[in-house]
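User: I have a structure to read and I am new to this. Can we go through it feature by feature?

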Amino acid sequence: MTAINFVDVNDNDAIFEGSGWDAVIVVTPSLDAIAFDEISLLASHGANIDARIGRSATLLFAPGLAGGRLIISPLLNPQDDIQDVRAYADAARKGLAIAKEAGAIKPLLVVAPHSAEKYQQSLAVSALACGQELWQALERREALGLKPQMQAIGLLVSDQQAQVLNAIETGRHLARDLCGTEPERMSAPMFAQYCQQAFADSGLAIEVVEDRDVLERDYPLLSAVGRSSFAVPRHQPRVVKLEYCGEGEIERSYFFAGKGVVYDTGGADIKVAGGMAGMSRDKGGAAAVAGLMKTLSLLKPKGIRVVAELGLVRNSIGSEAFVTDEIITSHAGVRVRIGNTDAEGRLVLADLLSHLRLKAADAVNAQLFSVATLTGHVVRAYGGYTAVVENAVARDQQVGERLQAVGEAWGEPLELSRLRREDYQKIVDPSAAADIISSNNAPSSVTARGHQYPAAFLLQASGLQQHGLSSAKPLAYSHVDIAGSATEGDPLYGKPTATPLVALFNHLCQ
């Protein structure tokens with residue numbers, strides 16, 4: 001596994017020929033904002049003969065500068081009220097693409113700041129956008145023996161800042177590999193193996209649960225989803241457990257459940273009319289959480305403990321497949337009627353959260369999260385944005401608001417959704433034979449409150465509902481639905497984004 005290497009450059013003379021860099025990429029809100037006189041002069045002269053300079057990403061012949069290449073990549077409408085820091089990401093990716101096409105392999109990235117508060121993380125966002133631009137699919141890298149497209153990217157930052165960005169990008173690279181890879185290369189056993197390799201000698205505790213008896217006993221809902229996959233060894237479910245414990249006194253504890261449905265056929269309620277395409281990406285939640293743990297293992301922040309459980313399962317079709325109307329008792333002892341086998345992700349998460357709930361009950365300042373590509377409704381409601389649905393404890397602690405603020409600053413904006421009493425009414429089993437029903441029998445995208453009410457199910461099925469504001473042990477819980485934000489571009493096969501790794505990391509460490 002390789003990610004782009006960001007190199008700290010403390011010498012402004014790095015922009016000149018002979019520095020070892022082979023191009024200068026300038027991301028800037030305007031030509032006037034460029035601080036280097038040599039670059040500003042070249043850009044101004046160029047703008048006199050080429051009106052594109054300062055308006056779109058443009059390559060200039062620049063004798064005397066590194067590599068003789070100068071790419072000016074301006075922001076689009078940075079002064080607009082609706083614009084955000086992703087304008088820097090867009091400009092950085094455009095500039096990098098030109099540099100790559102021009103043959104550069106060691107560009108220096110120069111980011112001109114903007115005075116607006118919303119652009120405070122412009123340099124970091126620009127750098128991470130380069131990592132997103134350069135990622136290549138794991139299958140392609142392995143089949144063709146591809147090397148990284150860039151040897152390094154120079155940044156005018158301190159060594160510490162470069163270390164942080166490298167660690168974040170390494171985690172994002174792992175998350176993209178796990179999320180974006182086809183269902184045989186990244187089946188549940190292969191996903192677990194990839195994690196074991198990624199965390200070897202990391203200092204993190206890692207455990208892989210694969211025994212069927214243990215899975216069916218401890219993760220009954222997850223095992224129901226994977227029931228038809230047990231007969232195929234290469235498709236059998238796994239649960240990956242990861243734990244990071246920072247040095248010093250633990251001041252805060254975080255618990256993450258990651259949905260890792262490595263392929264979702266819909267099960268007995270089979271996806272039809274092309275609806276199965278792209279369902280190898282239904283593991284984006286587990287992938288993002290694994291990537292987050294990788295970043296933590298590299299930076300080793302003090303005073304926090306982070307525990308993660310990744311539920312890896314294939315929702316297979318066959319004579320052993322679970323079906324709608326079954327009643328299955330969750331790990332928390334809640335009797336769940338299956339409303340639709342294509343609403344399988346919440347079943348996987350419920351058992352994971354139940355295990356995490358028991359650990360969180362004795363932890364210091366605990367916060368719980370589930371991260372999942374869960375519903376089509378969140379895409380219908382918010383397009384390409386992440387949604388967060390909180391319980392009352394998390395809302396009281398302003399967890400969602402903090403996540404939203406840090407996500408906005410770091411280019412991973414998200415929307416807050418409110419859990420309502422109607423959401424609990426949706427999970428009432430009409431027959432009264434079960435405690436709750438997992439879902440209705442219609443697609444979430446056409447169901448009112450289709451991405452909110454699954455959080456009510458998760459709270460009930462996992463036992464977390466017993467840890468509300470008025471309980472003896474309140475536990476903050478936030479459900480993070482990334483169905484719209486886990487990939488970019490093509491909704492089926494677009495490049496994975498590793499969202500919401502950056503926002504979560506900064507939330508943990510702020």
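User: Where is the place of S438?

Analyst: S438 sits in the loop between β16 and α15. Helices (H or I, at least four residues) and strands (E, at least two) are DSSP runs, numbered from the N terminus. Before we go on, note that this is a predicted model: local features need pLDDT of at least 70, side-chain atom pairs count only at pLDDT 80 or more, and totals for chains, interfaces and linings use all residues. Residues are numbered from 1 along each chain as its sequence is written, and side-chain values use heavy atoms, with hydrogens and water left out.

User: Does S438 count as buried or exposed?

Analyst: Start with the cut-offs. Buried means under 20% relative accessible area, exposed over 50%, partly exposed in between (1.4 Å probe, protein chains only). S438 has 0% relative accessibility, so it counts as buried.

User: What does S438 touch?

Analyst: Contact means heavy atoms within 4.5 Å. Not counting residues up to four places away in sequence, S438 touches V336, R337, I338, G339, N340, R346, L347, Y453 and F457. I327 is 111 residues from S438 in sequence, and their C-alpha atoms are 9.9 Å apart in space.

User: Which backbone nitrogen lies 2.9 Å from a polar atom of the S438 side chain?

Analyst: That of G339. A polar contact is a pair of N or O atoms within 3.5 Å; within protein, one must be able to donate a hydrogen and the other to accept it, and residues adjacent in sequence count only if both atoms are side-chain atoms.

User: How do I read the sheet of β11, β12 and β16?

Analyst: Look at which strands pair. Two strands pair if DSSP finds at least two bridges between them. This open sheet has three strands in the order β11-β12-β16, with mixed pairing. Its edge strands are β11 (327-329) and β16 (436-437), each pairing on one side only. Strand β12 (residues 335-337) pairs with β16 in the parallel sense, over two bridges. V336 has I436 in β16 as its bridge partner.

User: What is the strand order in the sheet of eight strands?

Analyst: This open sheet runs β7-β8-β10-β9-β13-β17-β14-β15, again with mixed pairing. The edges are β7 (205-209) and β15 (414-417), and each pairs on one side only. From one strand to the next, the twist averages 20°. Helix α13 (residues 399-409) packs on the sheet and touches β13, β14 (386-390), β15 and β17. The direction of α13 makes about 165° with that of β15. Within the sheet, β13 (residues 366-372) and β17 (residues 476-481) run parallel, joined by six bridges. S370 stands opposite H479 in β17.

User: How are two packed helices described?

Analyst: By the angle between their axes and the distance between the axes. Axes are lines fitted to C-alpha atoms, for helices over the stretch in contact, and angles run from 0 to 180 degrees between N-to-C directions. Take α5 (residues 159-180) and α16 (residues 501-509). Their axes come within 10 Å and cross at roughly 130°. Angles under 35 degrees count as roughly parallel, over 145 as roughly antiparallel, 65 to 115 as roughly perpendicular and the rest as oblique. Therefore α5 and α16 are oblique to each other. V164, I168, G171 and R172 of α5 make the contact with L501, V502 and F505 of α16.

User: At what angle do α9 and α16 cross?

Analyst: The axes of α9 (residues 284-299) and α16 cross at roughly 45° and come within 9 Å. That makes this pair oblique. The contact residues include A288, G291 and L292 of α9 and L504, F505 and L508 of α16.

User: How many residues of α15 are buried?

Analyst: Nine of the ten residues in α15 (residues 453-462) are buried, so the helix is mostly covered. Among the buried ones are Y453, A456 and F457. Just after α15, G463 takes a positive phi of about 85°.

User: Where does D423 lie, and what is D423 in contact with?

Analyst: D423 lies in helix α14 (residues 421-425). D423 is buried, with a relative accessible area of 0%. Leaving aside neighbours within four places in sequence, D423 is in contact with R418, R449, Q452, Y453 and A456. A polar atom of the D423 side chain lies 2.7 Å from the backbone nitrogen of R420.
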